[in-house]
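Here are my notes for you, written as numbered points. Keep the model open while you read and look up each residue as it comes.

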Amino acid sequence: MKFDALVVGGGIAGMESSLKLADMGYSVALVERQASVGGRMILLSKVFPTLDCASCISGPKMSSTVNHPNITTFTTSEVEGIRRQSDGTFAATVRQRAKYVDWSACTGCQDCEVACTVAVPDQFNYDLAARRAAYIAFPQAVPKKAVLERAGTSPCTDACPAGIKAHGYVALIRDGRYEEAFQLILEATPLVATLGRACYAPCEESCTRGDLEGTLPIRRLKRFVADWHYATYDGPGVEPAAPTGQRVAVVGSGPAGLTAAWQLARRGHAVTIFEAAHEPGGFLRYALPEYRLPRAAVDQDIANVTALGVEIVVDHPVDDVAGLRAAGYDAVVVATGTPLAQSLHIPGEQHAGVTSGLAFLRAVREGESWDLSGRTVVVVGGGNVAMDAARTARRLGAAVTVVYRRSRGEMPANHVEAEDAEQEGVSFAFLLAPAEVVADAAGHASAVRCQEMRLGPPDASGRRRPEAIPGAERVVACDLVISAIGLRPDGDAFAALSHDGSGALVADPTTLATALPGVFVAGDAVTGPSDITRAVGQGRRAAHMLDRWLRGEPLDGFHALDDRLAVVDHAAVLARQRTHSRRDPAVSGIDFSVTPHDFAELEPALTEVEALDGVSRCLDCGVCSECGACSRVCPADAIHLEQHDEMLDLEVDTVVVATGYELFDAYQKPEYGYGTFPNVITATEMDRLLAPTRPFNTVLRPSDGKVPERVAYVSCVGSRDRTVDNPLCSKICCMYSIKQHQLIMGALPLADVTTHYMDMRAAGKRYEEFFSQGKDMGATYIKGRVAKIEEKDNGDLRVFYEDIENGGRVVEAEYDLVVLSVGVRPNPDALHLFDEEDLAASEFRFVAEPAGDHSPGRTSIPGVYVAGASSGAKDIVDSIMHAGAAVAQAAATLEVAHPRRRVPLEVH
């Protein structure tokens, strides 16, 4: 894109520069970091010394800038680099950040803002109040369009292999919208109650709150909304799309198969699930013990699937997927899981009294009588199936020992499962590898002869390899041996599909399509043993790709898992505020018994109070929670979370730098208590409290909402102060403080206002008169520096200051509210705009004007000019005048470079 001029910064100087150049007929690209032009002026209450409304002055200029035919405004954008080209012009790279809203459709109705579930500090009000993650920058924003603030993907959401938006349903629960939270989980899978109980919660392991006092109970919150929904509603509350006329067969009714069927049925396809067992559910029904996952919860989740018209055919094993296609099914998903148990491959394994963990758990789930009272059981293995088998055997009365060939740290079982097993009396024998099952005279297993091991270097799994200790053996007596060393898919069951040496079906890892057209695979059948959430994610992926295949679309675009923003760093989240209060995490509530005797569900449900307490601890890591509330209410369908940043290349003949200033960080003066004492605020924050668009109805102090009666101003905070490396006088602080004195006394007629100052800078038109006017209205001015500020128990503040005009003694005074008149500092971004040329800095690190006396605005780089406070502290009038000087020189450069190239300006 080609323009005559690039203006960097949309504050008062940037707008003035853009308008003057545009009115001359030049094409201008204006790049502004925020979502609206206006800069800092729009944040002000009034302007000094006239006390005219800042919004009334800047508003028309903002509108004129954005709507000028010769100005193209790039908001939410930043210049990443500018370099000079061989012909003397400039090439600028601009990053236009994603707004996640289609501005061509957005009407600025604010419905998204009302619906949003995440509150964050409002920069427009200097963090004194909150705004939503979906927001319009401020009431007078131009353009008045919504933006979604997204710092990235929240760690909890990023960690979920199923693509469930954990942050989203946490935020909805926090907002009291339990059914919407349930529906958000349903977007991924019908297994809400199941995952609320049996998921191993990788989301919690990634929770940033875990870096403080403990994670949120994210998994149990999922169960909370599931229990709430099933107790409140009949059916899932989901309407499928219009029928497509396509038929799909799903082989297997475990978590991958049920999820795939759910997703396909929602898209309008007619789905039939074929299940080899007597009842649907796969491992959910037949492998997970009742105390972890009750049958009733599985039945509730499966009812979600059948409610959409999915037919489940049980006692119907399938081995011919090509036959399903021939029978009239347009596509097939194979999701048969890992039904085969790995063999121990040791002598004696064939004896009576030896069984697999999978067979044992299924038999117990199906109601077979297993009385193990007084018996001794050895469970071989260290995975989750081994833990389930051991805990089940304990409930049947057995003394249980888990034999594992590595150490505790290498166990593949989830650490919670192993810890729970220990609390229920399961013993562990580590660094033992079974070598033989010993049988008694009747041919029944009576012991396991084990080889003692030690750990060597890591193997391919990353765990340390177990190595035999020569001559070291141990015999472990037992009545029953349960082998639980692993599971594998049954690839041999499908002659038409390829499988690898482990039995896993072969498919494209991204699309899950097999070599057989229209046949997709999902879950453990293709990945090997995993867990429920990974199987759910596979089911989602297979359904998405199969649906696109049926529609003749490319097999891509799986936004739920493949197109996320980068995960937000924990440290970046915690750095958003300086301190964090402790919030005790939820306790499990499980009452373990060393002699468990029944299969009743162990973990209690969260109460509503506990759930709300849990969600209140969320740090909103990604800011936007992806809860979808804004999308559901937007009348223009303008919300688009799939948007990405765009890189723009601009070619221009001249550049005007108008990046403005930064405010001094009051935290650098800890003796004043800013950030520690809530009733110490900055004057910029006070300007928001006094503005017509202020966040509250009147001036209130932050700690308790009290209307202050005694207000103190501390001048020159951060100005003329070498202790914070800022010897510069900011010039404008005196006048804006006096402006506020007058506004306070107008808003709070009974308030006493006192300023502690070093000297008063009133060198400007009517400024001395303005100062006298403030004194005449009753403001008190005390010359002398403030040494420190202390807080009283009631939130009032003790100010210790020197009184120079009365002998220089140190005096103490009490105030309700203290306002720090912070100075300005240079914006360092200006000096880093150019890639290959150095933009010179002044002694105070503003943009230098080498010939400022006779060529104001000219910088050290030919063709580059500076306008406004980028070159030094200036008030609004000076910024406008300075912009005019910079524009005059920029226009001269343009006229020399390209005479007669100006864009004609239509006059109406």
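**Notes on rings, charges and burial**

1. Start with a charge on a ring: Arg395 has its charged end over the ring of Tyr291, 3.8 Å from the centre. To count, NZ of Lys or CZ of Arg has to be within 6 Å of the ring centre and within 35 degrees of the ring normal. Arg247 does this too, lying over the face of Tyr329 at 4.2 Å from the ring centre.

2. A word on the ground rules. This is a predicted model, where local features need pLDDT of at least 70 and side-chain atom pairs count only at pLDDT 80 or more, while totals for chains, interfaces and linings use all residues. Residues are numbered from 1 along each chain as its sequence is written, and side-chain values use heavy atoms, with hydrogens and water left out.

3. Now the overall picture. The protein has 26 helices and 39 strands; these are DSSP runs numbered from the N terminus, with helices (H or I) of at least four residues and strands (E) of at least two. Its C-alpha atoms fill a box of roughly 110 × 70 × 60 Å along the principal axes. Of the 908 residues, 55% count as buried, where buried means under 20% relative accessible area, exposed over 50% and partly exposed in between (1.4 Å probe, protein chains only).

4. How much of the contact count comes from residues 24 or more positions apart? They account for 70% of the contacts with a separation of 6 or more, a contact being heavy atoms within 4.5 Å.

5. Back to rings: the whole structure holds 16 aromatic pairs. Rings of Phe, Tyr and Trp (its six-membered ring) pair if their centres lie within 6.5 Å; planes under 30 degrees apart are stacked, over 60 edge-to-face, and the rest tilted. Phe90 is buried at 1% relative accessible area, and Phe834 is buried at 8%.

6. Next, look at Phe520 and Trp549, an edge-to-face pair at 6.5 Å centre to centre with 70° between the planes. Phe520 lies in strand E26 (residues 519-521) and Trp549 in helix H18 (residues 532-550), so the pair ties together parts 29 residues apart in sequence. Are these two buried or partly exposed? Phe520 is buried, with a relative accessible area of 1%, but Trp549 counts as partly exposed at 33%.

7. Ring pairs can also join up: Tyr178, Phe224, Trp228 and Tyr233 are linked into a cluster.

8. Two single residues deserve a look. Gln263 sits in helix H10 (residues 255-266) and is buried, at 6% relative accessible area. Leaving out residues up to four places away in sequence, Gln263 touches Glu187, Ala188, Thr189, Arg540 and Ala543.

9. The other one is Tyr781, in strand E33 (residues 780-783) and buried at 12% relative accessibility. Beyond residues up to four places away in sequence, Tyr781 has several neighbours that it touches, among them Ile738, His741, Tyr757 and Phe771. Its C-alpha atom is 9.8 Å from that of Ala712, although Tyr781 and Ala712 are 69 residues apart along the chain.
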